[in-house]
Amino acid sequence: MARIDKATVDKVLDVTKIEEVVSDFVSLKKRGSSYLGLCPFHNERTPSFSVSPSRGIFKCFSCGKAGNAVSFLMDLESMSYVEAIKWLGHKYNIEVAERELTSAEKEAEVERESMFAANEYALNHFESTLRDTADGREIGLSYFRERGISDKMIEKFHLGYALERPADDLFKKATAAGFTERYLVETGLTVRRDDGTLYDRFKGRVIYPVHSLSGRVVAFGGRTLRKEKTVAKYVNSPESRIYSKKNEIYGMYQARQSIARKKCCIIVEGYMDVISMHQAGVENTVSSSGTALTEEQVRIIKRFTDNVILIYDCDAAGIKASLRGINLLIAAGLSLKLVLLPEGDDPDSYAQNHTSTEVEQYIETHKTDFIGFIVDVKLKEAGSDPRKRSDAINEILQTIALIPDVVEQSLYLDECSRKVGIEVNVLSRQLKLFVARQAEENYKRQQANQARASIETIVEGSATAAVAPSDNHTQAPAGGKTVDPAVYRAEEELIRYVLRRGLMYMCDVYPDPDATESVPMTVLDYIECELRNDGVELSDPLLKQIWDMAVGIRDHLWPEEWLRQEAVLNERRAAQLAEGLEQIRAAGGDTDSILKLEAKLTERLDTEYNEQVDRFASAFINRMILRSDDRQVTDLVAKLMSDSIVLSRMYPKVDPREDVCAKLPIAVCTLKSTLLKQQLAEITRQLTEQRPPEELNALMHRYMELKRLSMEFDKFNGEIVITPGAGGSYMR
């Protein structure tokens, strides 16, 4: 293993065009001097991912992910820095010069690289076996030719064959070539029996390699040609460090450019379906590999197109089993059409027996909206049984409820009404129930999924400094509930702190008067404690919804994700410290000078570490909520995260924690003071009414108590200087 020297890195980066690199993975559209597409780092329906050729960077204005061509490959394809430079060097035909890695660097990269190398060797072995051995030609190659597959397609998809005998053919040849048993077993190429002996997983099978979007072989599928029912028809590589089935789509590497060009992705069921469709010229075809689509696969498809066509044969059971995948596509906002092939045909046989033009014409003339297709299938299955028909219609409405666009949802509801013969207003009432239920389930599912899975996006950019809102802000409260404008502005300001600084450490506090040890408190903790102590709840429904989401993210997602991020930051700091100390000592000098330089290095790295912690913690809640499917929520969050005022670059840098400690208590007191004034106004109104003397006395007593508290708040808030027209306030 080796490290690429700086001269080679500079040479690679000098010729790299970021728009060319990104377009290998994301469908981009020209917008002025930049390019725009769907962010590959989070699920989104509206493009917010910008690529700037002149600056050589990408930036997602939704999740905050940004960087250059190298960091794009590292984050998206889980490449190391060395792997990313090698990938770019290969793309631009630059020979990569390297230096030897340290032992720590070797250990970090060797496992993934060794597994990829083992798969690459196996790919070449299977291809060679198909072409160059008697069994390969007589069994494997004959099978592909009987199925009508051309040599061009065999080469394009790197099809192969594994010998039946000897059962450890690949293992013996791979170990003789220098590959260790460990990586052959971990990739699943070799299987260990209970007695310790080894055999090739794919022996006696034709081979279908699975490529990642970058073209690396991550797995294999093998089909037996034997007729015994006791032998599994297909076996596949197991999940490993380099292969996760839910993240891979068969044929996407070969189809991605055609999908982007034709602005449509055709999904079929199996390996042979994909290959035959490509051979027929329909190259924008991929396969779900016989399983229901996953959210990760749908996200990959959406990076290249918003239009999907599902092709089925007449197997009703298969159509019914794929309904979950249909629902995922719909929920992602994709335009979905379905095509039913003639009875007796599947995509493979139909493509083999028709020309490219005939296949494309059939798809174009027979594609139907998904809702009509599903209605026909489900009502046919339900027959005339009223209960079954009712259940079927409710299932259809639950699918319609997933459609994110309300106009499109209404149109499909009208179509459903015509097909099932039920008035649209009746269906509409039931649909609203499902939409509400779906919204609640989506949020709960989002929390559960994100708590279990590693979050791919780690925001490295600087968090935006909080700017107080304009006192002239008079936007009507969101959420459909009347809220006093002054109360709304105060609540909005607290939510802005939650979104911008929510999980950032603020201070240490003692949980009770008798406590001997303090505990750390975040910005969100502080606000929650202040509101709870006075029994204050946010009155605007939409702001309250965002608050509840933030609390849920803190309680369910943050602990696990912080442990992961802490490990990443500690590892990065340790590597930087080791490298810095090595450079200092290599430069030489007297002991005092070296110690001073080491102390300065440690201090700088500690400062950078704390800044990185603050950035990650500050942005976490905002990033998570922006993944919500609720457009009202995401729109308001984006608005609250936007600065209406841009500070001059001449302004001194403000420490985020000092800024929060100075201003947040005032923001909390402003809300409490506003609520007190609201209560005082209500009591004043009640005092003017005719009431029994005892009630008037109680009201007056309450009025005096609230007036005293209000004066205390006013005294505290009197430290704020309001600057006319400045759009905010600051400490005197």
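I searched the whole structure, a predicted model, and got five cavities of 30 Å³ or more.

**What lines it.** I listed the residues around the second largest cavity: Met277, Ile311, Leu341, Pro347, Tyr350, Val359, Tyr362 and Ile363. Then I checked which elements give two or more residues to that lining, and they are α15 (347-352) and α16 (356-366). Which of the elements gives the most to the lining? That's α16, with three residues.

**Nonpolar or charged?** I sorted the lining of the second largest cavity by class next. I count eight nonpolar residues there, with no polar and no charged ones.

**On to a sheet.** I moved over to an open sheet of five strands, whose pairing is mixed. Reading across, I noted the order as β15-β14-β16-β17-β18. The edge strands are β15 (285-287) and β18 (368-369), and each of them pairs on one side only.

**One pair up close.** In which sense do β14 and β16 pair, parallel or antiparallel? I looked at residues 265-268 of β14 and residues 307-312 of β16: the two strands run in the parallel sense, over three bridges. I also wrote down one facing couple from here, Ile267 opposite Leu310 in β16. Reminder to myself: strands of a sheet pair through backbone hydrogen bonds, whichever of the two senses they take.

Notes
Residues are numbered from 1 along each chain as its sequence is written. This is a predicted model: local features need pLDDT of at least 70, side-chain atom pairs count only at pLDDT 80 or more; totals for chains, interfaces and linings use all residues. Side-chain values use heavy atoms; hydrogens and water are left out. On a 1 Å grid over the protein atoms alone, a cavity is a set of points where a 1.4 Å probe fits but cannot get out, and a pocket is an open set with protein on both sides within 12 Å along at least five of seven lines; lining residues have an atom within 4 Å of a point. Grid points are joined across faces, edges and corners, and a volume is the space filled by probe spheres set on the points. Helices (H or I, at least four residues) and strands (E, at least two) are DSSP runs, numbered from the N terminus. Ala, Val, Leu, Ile, Met, Phe, Trp, Tyr, Cys and Pro count as nonpolar, Asp, Glu, Lys and Arg as charged, and the others, Gly among them, as polar. Two strands pair if DSSP finds at least two bridges between them.
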